[in-house]
Amino acid sequence: MSKTVVAFDFGASSGRAIKAEFDNGKLSYEEIHRFDNIPVYENGIMCHDFKMICSEIDKALQKAGRIDSLAFDTWGVDYGLIDEEGRLIKSPVHYRDTRTEQVLAKVFEKISPEELYAETGNQIMPINTLFQLSCEEKNNAKKLLFMPDLFAYYLCGNAVCEKTIASTSQMLNLNKGKWSESVCRKCSIDANIFAPLCSSAAVIGEKDGIKVIAAAGHDTQCAIAAMPCEKGSTPAFLSCGTWSLIGCELDEPILTEKSRQDELSNELGANGKINYLKNISGLWLIQETRRALKRAGFDYSYNDLEMMARAEKPFSCFIDPDDSLFATEGDLPQRIKDYCRKTNQAVPQTIGMVIRCIYESLAMKYRYAIEQIGENTGISFDVLHLLGGGTKDRFLCQMTADSLGFDVVAGPTEATAIGNIMLQLIALEEIGSIDEAREIIRKSERVKTYKPENHEAWQMAYEKYINIISK
């Protein structure tokens, strides 16, 4: 019996709906709706335009026609607050808003970073939900819903908290599988504000006869569920989009002091495993640079920028992609020049040099993260599965293979949406497990393998890169 589902895959800059049909073990899918997810400002605060996104959900469902189910996946950490009447109090705040810039020190007066990491296992980042809540007015709030759960609530009226998205919050104790009592108590957070936790691939309600499913709310976990790896293997993965999340699957979290200092994160996967990873600022750097150039009157396509970068000399200068200088909107080309000047490097003089600097710095940071993950897990990786939109960027894929010194298997491009779809099919009892889903994906999706071509040159440049980001 065939099933037709819609995966809503929302990123912080765009959203789309993918309609899929699963019939006799074969999957086909197509994008039926896409929209720009442009932040709005309310009282000087950067917010997500929730009403606009909901209107786009309605448009997509009108286009979809008859379907059996739907599910949402989104970026992590952000949330909406619901009052006692069940209404959204205000637009959800965007994680790139600057309100959390000074909040870490205040939270650390209540709980040390060492204890916080030992309790939650999350890479400590100002954008995490805990720090957002710590500067939030919660007087009228009765429930907190993370973004994918908020959209599901909009449709079916049932409030749940899917576990993978909860694990991005800096408040979930992974060993106990529940909210950390000590973190909530010390940070004055009432744990009753959270909706009941639910597992991935769970039916949570209905909308006009359509089953509303909690797939894996965090888009990264949807992408990893679609990783076309062999059962029992432990490859490295890189979910590459606006953010780059690089890591591997483990059976247990790693909560050591070294892991904390290496800024590695433990997040819950849709299959119950721990995704041990590092959050790296990804293609946001290219996207925001392009926007900055457009504001300055230069309307280049992404292909134009890549061609300019290819024409430049390699290894002229590097940045740390995760430096706070590059975390917010603005003139990224100028900030990159300022960073290079401050670190006594050649200052990029052309747009191509700026773009090449970003690409090479990302590929170097991927190697840096893989080495840290290897040191903490004892695993020696020999293949990286690159998933998501970054697979279309052949320049970055090849650079990543050259930097790592081993094969990069790129694909599927639609990993996040496919993972969402497969988890819906598990909830509908059409597929038995994520391992079965991965086997289907291996047989049906195209991937491309990039082999190292110039690792020796990258090895020499890597030493320069490490010296620069260590300053």
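1. Tyr-95 is buried, at 6% relative accessibility; buried means under 20% relative accessible area, exposed over 50% and partly exposed in between, with a 1.4 Å probe and protein chains only. This is a predicted model, in which local features need pLDDT of at least 70 and side-chain atom pairs count only at pLDDT 80 or more, while totals for chains, interfaces and linings use all residues. Residues are numbered from 1 along each chain as its sequence is written, and side-chain values use heavy atoms, with hydrogens and water left out.

2. The structure holds 18 aromatic pairs. Rings of Phe, Tyr and Trp (its six-membered ring) pair if their centres lie within 6.5 Å; planes under 30 degrees apart count as stacked, over 60 as edge-to-face and the rest as tilted. Tyr-95 and Trp-243 have ring centres 6.1 Å apart and planes at 55 degrees, so this pair is tilted. It links distant parts of the chain: Tyr-95 is in the loop between β7 (79-82) and α2 (103-108), and Trp-243 is in strand β16 (residues 243-250), 148 residues apart. Helices (H or I, at least four residues) and strands (E, at least two) are DSSP runs, numbered from the N terminus.

3. A further pair is formed by Phe-315 and Phe-318, whose ring centres are 6.4 Å apart; the planes are at 35 degrees, so this pair is also tilted. Phe-315 is buried at 17% relative accessible area, and Phe-318 is buried at 0%. Elsewhere, one aromatic cluster is formed by Phe-8, Phe-10, Phe-35, Phe-50, Phe-72, Phe-151 and Tyr-154.

4. Two arginines lie over tyrosine rings. Arg-290 is over the face of Tyr-302, at 4.5 Å from the ring centre, and Arg-367 is over the face of Tyr-462, at 3.9 Å from the ring centre. A charge sits over a ring if NZ of Lys or CZ of Arg is within 6 Å of the ring centre and within 35 degrees of the ring normal.

5. Six strands make an open sheet in the order β3-β2-β1-β6-β14-β13, with mixed pairing. Two strands pair if DSSP finds at least two bridges between them. At the edges are β3 (26-36) and β13 (202-207), each of which pairs on one side only. From one strand to the next, the twist averages 25 degrees. Within the sheet, β6 (residues 69-73) and β14 (residues 210-214) pair in the parallel sense over three bridges, and Leu-70 has Val-212 as its bridge partner in β14.

6. Two helices pack on this sheet. Helix α1 (residues 50-64) touches β1 (3-10), β2 (14-23), β3 and β6, and its direction makes about 140 degrees with that of β3. Helix α5 (residues 147-156) touches β1, β6, β13 and β14, and its direction makes about 40 degrees with that of β13. Axes are lines fitted to C-alpha atoms, for helices over the stretch in contact, and angles run from 0 to 180 degrees between N-to-C directions; contact means heavy atoms within 4.5 Å.

7. Strand β7 pairs with strand β8 (residues 143-146) in the antiparallel sense over four bridges. In β8, Lys-143 is the bridge partner of Ile-82. Tyr-79 and Leu-81 point one way from β7, Gly-80 and Ile-82 point the other way, and all are buried. In a regular strand the side chains alternate between the two faces of the sheet.

8. Helix α14 (residues 394-404) has 10 of its 11 residues buried, so it is largely enclosed by the rest of the structure. Among the buried residues are Phe-395, Gln-398, Ala-401 and Asp-402. Just after α14, Gly-405 takes a positive phi of about 85 degrees.

9. Pro-452 lies in the loop between β21 (448-450) and α17 (455-469) and is partly exposed, with a relative accessible area of 30%. Leaving aside neighbours within four places in sequence, Pro-452 is in contact with Gln-398, Ala-401, Asp-402, Gly-405, Phe-406 and Asp-407. Pro-452 and Tyr-154 are 298 residues apart in sequence and 47 Å apart in space, C-alpha to C-alpha.

10. Some backbone details remain. Gly-411 and Pro-412 are joined by a cis peptide bond, with omega about 0 degrees; Pro-412 is in the loop between β20 (407-410) and α15 (415-427). Asn-43, a residue other than glycine, has a positive phi near 55 degrees. Asn-43 lies in the loop between β4 (40-42) and β5 (45-47) and is exposed at 83% relative accessibility. Ala-201, in the loop between β12 (197-198) and β13, has a positive phi of about 60 degrees although it is not a glycine.
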